[in-house]
Structure formats: structure tokens, C-alpha cells
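Reader: I am new to this structure and would like to go through it step by step. Could you show it to me first?

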Amino acid sequence: MASISWKSKELSVGQVAERSGVAVSALHFYERQGLISSRRTAGNQRRYHRDVLRRLAFIRVSQRVGIPLSRIRAALATLPEGRTPTREDWARLSQAWRGDLDARILQLQRLRDDLTDCIGCGCLSLEHCVLSNPYDVLGSEGPGPRRLLVSPMPEGGAAESVEE
């Protein structure tokens with residue numbers, strides 16, 4: 001990997017791709033989706049402000065934990081456009097996502113711990129399912145794996161199990 005000078009305020013699309021690990025085609029996609037922005041030079045080449053690297057890191061990590069692009073876009077829209085986001089800007093954004101991330105962690109823990117047992121999906125294929133969910137009574141609570149699902153986060157509250 002070629003060294004990109006830390007003094008560079010703007011980076012070419014190739015430099016951003018190299019430093020971020022994001023393909024050029026993905027950078028173009030993210031730009032079309034309004035997740036990042038660039039300016040065009042007189043020769044119509046894209047130039048990205050260096051803070052795009054942090055935004056791309058945020059996008060990649062968020063996608064990796066399953067957060068939809070629409071939520072990522074909404075979060076990034078709260079950051080300032082005319083200046084590089086500060087530590088306080090990023091702290092505000094991360095605090096706003098804390099509840100959602102806590103719910104995702106709970107969901108993953110539940111999946112890890114309970115997938116081998118009756119999950120309330122209605123298949124009744126395990127012997128234990130017939131005891132835990134006789135006659136698929138959990139089906140009256142709604143579709144899907146009722147024992148694994150975590151309800152969406154209430155404003156300012158903790159995630160709740162749909163089973164509770």
C-alpha cells in the first residue's frame with residue numbers, strides 16, 4: 001500500500017479506496033446514496049475531504065453489525081457538512097445509537113444461547129418444542145422465532161423480549 005501523506009487535505013478516489021479498504025465502485029455507490037460526498041476538480045475528478053475516511057469506517061462497521069443503509073444515512077445526516085465532525089459530534093451520534101446497539105447485542109446473545117432449543121418458530125421439529133410450545137401457542141403472538149426476537153427499542157428504554 002502506497003503511503004498517503006498525512007498533510008493531504010483532499011484525497012483522490014483511488015487514495016480513499018486504498019486507505020479505507022472500500023472498493024471504488026462502493027465509494028461511488030455510497031456517494032449516490034448520500035452517505036458521503038466529494039467535489040469535482042476542473043478535470044472532473046472526484047476529490048474527498050479527508051474526514052470521509054472516518055465516515056467510511058463508520059459505514060463499514062455499521063453495515064457489518066446489520067444496520068441498514070437508511071439508518072446509517074440518517075445518522076450521518078446529523079453530522080455537519082461544512083466542517084469536519086468533532087469528537088462531540090461523534091459522541092452525540094454514538095449515544096443516539098447506544099440503545100439500538102444494546103438491542104442488537106441482546107439479540108445476538110439470545111441467538112447464540114438459544115438456537116439449539118425451541119425458538120418458537122412453529123416448526124415443532126425438536127422434542128423439546130412440543131413441551132415448550134405445545135400446539136404452537138407462540139404462533140398467536142405473531143410470526144417468526146418468538147423466543148429469539150427482541151422487540152424494537154422504546155425511546156430511552158431497554159430492549160424487551162417479545163416473549164415477556
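**A conversation about the chain**

Author: Tyrosine 48 counts as buried, with a relative accessibility of 0% (buried means under 20% relative accessible area, exposed over 50% and partly exposed in between, with a 1.4 Å probe and protein chains only). The model is predicted: local features need pLDDT of at least 70, side-chain atom pairs count only at pLDDT 80 or more, and totals for chains, interfaces and linings use all residues. Residues are numbered from 1 along each chain as its sequence is written, and side-chain values use heavy atoms, leaving out hydrogens and water.

Reader: Which strand does tyrosine 48 lie in?

Author: Tyrosine 48 belongs to strand S3 (residues 46-49). Helices (H or I, at least four residues) and strands (E, at least two) are DSSP runs, numbered from the N terminus.

Reader: And what does tyrosine 48 touch?

Author: Leaving aside residues up to four places away in sequence, its contacts include Leu11, Val13, Leu27, Ile36 and Ser38; contact means heavy atoms within 4.5 Å. The C-alpha atoms of tyrosine 48 and serine 38 are 4.7 Å apart, although 10 residues separate the two along the chain.

Reader: Stepping back, how many helices and strands are there in the chain?

Author: The chain has six helices and three strands, and along the sequence they follow the pattern β-α-α-β-β-α-α-α-α. Of the 164 residues in the chain, 30% are buried.

Reader: How do H4 and H5 pack?

Author: Helix H4 (residues 69-77) and helix H5 (residues 87-114) pack at an angle of about 145°, and their axes are 10 Å apart. Axes are lines fitted to C-alpha atoms, for helices over the stretch in contact, and angles run from 0 to 180 degrees between N-to-C directions.

Reader: Which residues make the contact?

Author: H4 contributes Arg71, Ile72, Ala75 and Leu76, while H5 contributes Trp90, Leu93, Trp97 and Asp100.

Reader: Now the rings: which residues form a cluster?

Author: Phe58, Trp90 and Trp97 are linked into a cluster by ring pairs. Rings of Phe, Tyr and Trp (its six-membered ring) pair if their centres lie within 6.5 Å; planes under 30 degrees apart count as stacked, over 60 as edge-to-face and the rest as tilted.

Reader: What sits over the ring of tryptophan 90?

Author: The charged end of arginine 54 does, 5.1 Å from the ring centre. Likewise, the charged end of arginine 71 sits over the ring of tryptophan 97, 5.9 Å from its centre. The rule requires NZ of Lys or CZ of Arg within 6 Å of the ring centre and within 35 degrees of the ring normal.
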